[in-house]
Amino acid sequence: MSKEDNLNENWKKDFPIKKQESTQVSRRDFAKFLTFVSGGLMVGSGFVTAKAFFLPKEEVQGEHFICNKEDIPVGGTRGFVLEGSTIPYILIHLESGEFRSYEQKCTHLSCSVFYKPGTGIIHCPCHEGSFDALTGDVIAGPPPRALPQLEVVFKENAVFVKALIDKKES
Amino acid sequence: MSTFRTGQNSSNPNKLNNILSTLIFILILNVSIQIWLLYASLNNALDNNKEILIPAFIASVILFLIGFGWLYYMPKGNFRKK
């Protein structure tokens with residue numbers, strides 16, 4: 001027996017795993033891993049469902065005073081945070097004279113959005129997302145949902161916001 | 001006594017190879033559908049559309065059970081014992 005053959009034999013004794021065996025085992029482990037991922041996704045889906053039904057997002061309570069009408073020029077924006085909350089909102093005075101209030105967080109990755117005066121578009125600079133300033137709907141870019149909106153009400157000259165009553169029901 | 005499993009495991013390695021590849025293919029398909037379901041239910045939950053959540057969860061459970069039951073058909077390998 002040559003030295004080379006001897007080395008080969010010893011190597012096989014030290015590491016007695018067949019090539020075919022090892023590849024087949026790894027594919028079987030991969031199949032098991034895929035099933036494990038599948039179970040994880042199922043649990044995640046259940047978690048999302050449970051969260052939505054048992055711990056829903058709190059609605060804005062009551063009406064909140066923001067500012068007077070003349071405080072915001074046409075095309076201007078005012079940022080605000082409601083008491084007892086950390087969610088930033090913006091109040092926009094549109095060129096049509098209407099007021100709109102939205103969450104300032106892009107629905108894509110929560111970057112802050114801003115109103116582009118004169119265009120009717122709320123823009124997210126992170127990934128070039130665009131929202132319709134009149135309705136909050138997505139016009140372009142990656143955001144998957146419309147911007148959450150607050151209802152704007154006027155009391156003489158003062159601007160108040162309150163939770164928007166869902167129009168999808170009607 | 002010969003069972004389905006021993007019969008399957010003694011079949012030709014080419015056949016076992018096909019079985020395992022098909023199994024993995026179906027599992028990847030299931031996981032892709034589940035990722036899509038989770039993405040859709042997350043978006044709808046954040047948008048306050050709750051109708052879709054329970055059907056999506058049930059679909060996800062069924063896909064998992066299919067994948068889990070599917071593992072029964074996973075071949076152990078036809079190795080010659082020395």
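Predicted model: local features only at pLDDT ≥ 70, side-chain atom pairs only at ≥ 80, totals over all residues.
User: What makes S3(A) and strand S4 (residues 99-103) of chain A a pair?

Analyst: Five bridges again, in the antiparallel sense. A:His93 has A:Phe99 in S4(A) as its bridge partner, and A:Ile92 stands opposite A:Arg100 in S4(A). This hairpin has five residues between its strands, with A:Gly97 in the turn at a positive phi of about 95°.

User: Why are S1 and S2 of chain A said to stand at the edges?

Analyst: The open sheet has six strands in the order S1-S10-S9-S4-S3-S2 (chain A), paired antiparallel. Strand S1 (64-68) and S2 each have a single partner strand, so one side of each is left without a neighbour in the sheet. Neighbouring strands are turned by 30° against each other on average, direction ignored, where axes are lines fitted to C-alpha atoms (for helices over the stretch in contact) and angles run from 0 to 180 degrees between N-to-C directions.

User: Which strands are at the edges of the four-strand sheet?

Analyst: That open sheet has the order S5-S6-S7-S8 (chain A), with antiparallel pairing. Its edge strands are S5 (114-116) and S8 (138-140), since each pairs on one side only. Neighbouring strands here are turned by 40° on average, direction ignored. S5(A) and S6 (residues 121-124) are joined over three bridges, and A:Lys116 has A:Ile121 as a bridge partner.

User: Why is S3(A) called enclosed or open?

Analyst: Five of its six residues are buried, so S3(A) is largely enclosed by the rest of the structure. Buried means 20 or more other C-beta atoms within 10 Å of a residue's own (exposed: 12 or fewer; partly exposed: in between; C-beta atoms placed from the backbone). In helix H1(A), of twelve residues, the number buried is zero, so it lies largely in the open.

User: What makes up the largest nonpolar core?

Analyst: The core has 18 residues, and those with the most contacts inside it are A:Ile90, A:Leu91, A:Ile122 and A:Phe131. Such a core is a set of buried Ala, Val, Leu, Ile, Met, Phe, Trp, Tyr and Cys residues joined through C-beta atoms within 7 Å. S3 (88-93), S6 and S10 (158-163) of chain A each supply at least two residues, and the largest share, four residues, comes from S3(A). Another core, of twelve residues, lies apart from it and includes A:Val48 and B:Leu53.

User: How many residues of chain A are in contact with chain B?

Analyst: 23 residues of chain A are in contact with 32 of chain B, contact being C-beta atoms, placed from the backbone, within 7 Å.

How values were computed:
Residues numbered from 1 in each chain as written. Chains lettered and ligands numbered in written order. Pairing = 2+ DSSP bridges. Contact = placed C-beta atoms within 7 Å.
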